[in-house]
Amino acid sequence: MMANGNKKVGGGAGGSGGGTTTACWSSSSYKAILVFIVPLVVVFGLISLLSPKSSNWVFISNYYLTGPSPNTSASNSSEIGASHDDVLGLRSTVVVMDMHSSTIEEVHSDDYVQNRSASPPLAVEEATPPPLEPIINGTNDEVPMNETDANSAMDNIPATRQKEYTNLGRLEGRLGRARVAIREARFANKTHDADYIPNGPMYWNANAFQRSYLEMEKRFKVFVYEEGEPPLFHNGPCKSIYSMEGNFIHEIEVNKQFRTRNPEEAHAYFLPYSVTMLVRFVYVRDSHDFSPIRQTVRDYVNIISTKYPYWNRSLAADHFTVACHDWGPETSNSDPYLRKNSIRGLCNANTSEGFNPTKDVSFPEINLQTGDTHGFLGGPSPRLRSILAFFAGGVHGPIRPILLEHWENKDMDMRVHQYLPKGVSYYDMMKKSKFCLCPSGYEVASPRVVEAIYTGCVPVLVSDHYVPPFSDVLNWKSFSVEVSVSDIPNLKKILTSISTRQYLKMQRRVIQVRKHFEVNSPPKRFDVFHMILHSIWLRRLNVRVHDDQ
């Protein structure tokens, strides 16, 4: 039963006391006073750095990605980070270890009464430049620490804290070693893998991706909170446009490799609610009242934060959710830490609506009408694709009317339809086309992106503010075309300007990356389930949780 009490959400507040003195300074007196002020500033700065911290997690980096700002158009979204070779070699802030201008917006919990437990929430601290080597209890150590060193360090830890040190300090130390391995893999030879060896321009750095993936398989553990009952929790749609939401929930719950029943050995914690099911069973249709959904999520967070210490220990920074429903971002607004700190896996990865690639995960929207991909994969060779571009779909959202206005039934090379002629197969048309137009609807994500990849059709992303799935690993520019809404009138010109040679390369790369979007039951290595999990793993690598009790 949902609570009816009002919950106060605390915001950051601060102040300082002391009087101010007004004086007129001459040039000489100004120089003289600097002689006294500068040493004082240095001393107080050192005291501040060496004093005990009040927070319990830090971002290793808060770069977005080197490149355009979050509000860039779709035509630039894949180039984010393109000019920066980050330390770990993947084009994403989740793996950037450099710390120039690192700041984190604080979330204060002084007045926030929702998260009640024996371990009170702590403020989020601004990160300081950490070493790449393992961290023991939040202490920077310039020398790599092996297992023997970690054990000997226990001598300096009070007995009452040794268990915490072992479970959390060593866990973070091993994540530190994973970071080092990924960083060093950028210029190393690839590891032999009988299943798949990433290679080619589809990847920002294939070596780093392979090493990161192998480190994930070796180390990553997820604890799934068992609280909650179906249909709202531990359940989700598997035969709809929102199928990836239910598919992931199901697969992570039955997984024996990554799921752990011991929360003390987990790197990440999963809140297994389904936004689609909340909309179906909690939201009152046409009421325009989102409060029942918010209250349900608040109640769930209150339960797990009271029963377990992990939410409050990191202020949700090592917790994650997945949502393919359009209301996924809005649902995360139910709790301030869920929105600001947690890893949100979203199909609706819209930067203009708060999607933050430094911590959030974009995963693909896949319309599994039958529950699997049987019959959808594959298509003819490029020489048998006679249609330049194809789109068919209803008019909803602001972009599609523009597309239809300019191109519907106006050019035989541009097969743009609101409704397909009777007897014409949607998937057959995709298989006959070189390029498949994927305009956003009311939300930025579209299942047509994956449908195009499945059928070997080069996707054309027509959107603004969309972060394509797995952009931390995949270089979308190499196998797709990104077109801003303002360039819709120039679509044919843009597509025909792509040479045959370049098109053939792009089409071949579409076939190569398809394995990362395929749905398998049980999951197979490098498929969509593992790619979603890998994106979460990368974001977890970007956070260091430590204890300052």
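Let's start at Phe-248, which touches Phe-270, Phe-320, Val-322, Phe-529, Ile-532, Leu-533 and Ile-536, leaving aside residues up to four places away in sequence; contact here means heavy atoms within 4.5 Å. This is a predicted model, so local features need pLDDT of at least 70 and side-chain atom pairs count only at pLDDT 80 or more, while totals for chains, interfaces and linings use all residues. Residues are numbered from 1 along each chain as its sequence is written, and side-chain values use heavy atoms, with hydrogens and water left out.

Phe-248 is, with Phe-435 and Leu-495, among the residues with the most contacts inside the largest nonpolar core, a set of 126 residues. Such a core joins buried Ala, Val, Leu, Ile, Met, Phe, Trp, Tyr and Cys residues through side-chain atoms within 4.5 Å, and buried means under 20% relative accessible area with a 1.4 Å probe, protein chains only. Helix α17 (residues 528–541) gives this core its largest share, nine residues.

Now look at helix α12 (residues 400–407), where Arg-400, Leu-403, Leu-404 and Trp-407 are buried. Helices are DSSP runs of H or I with at least four residues, strands are E runs of at least two, and both are numbered from the N terminus. Seen down the axis of α12, the buried residues fall within an arc of 95° (taken over directions from the axis to the C-beta atoms), so they line one face of the helix. Their cover includes β8 (387–392), β9 (414–417), β10 (433–439), α14 (448–454) and α15 (491–496).

Definitions and conventions:
Buried means under 20% relative accessible area, exposed over 50%, partly exposed in between (1.4 Å probe, protein chains only).
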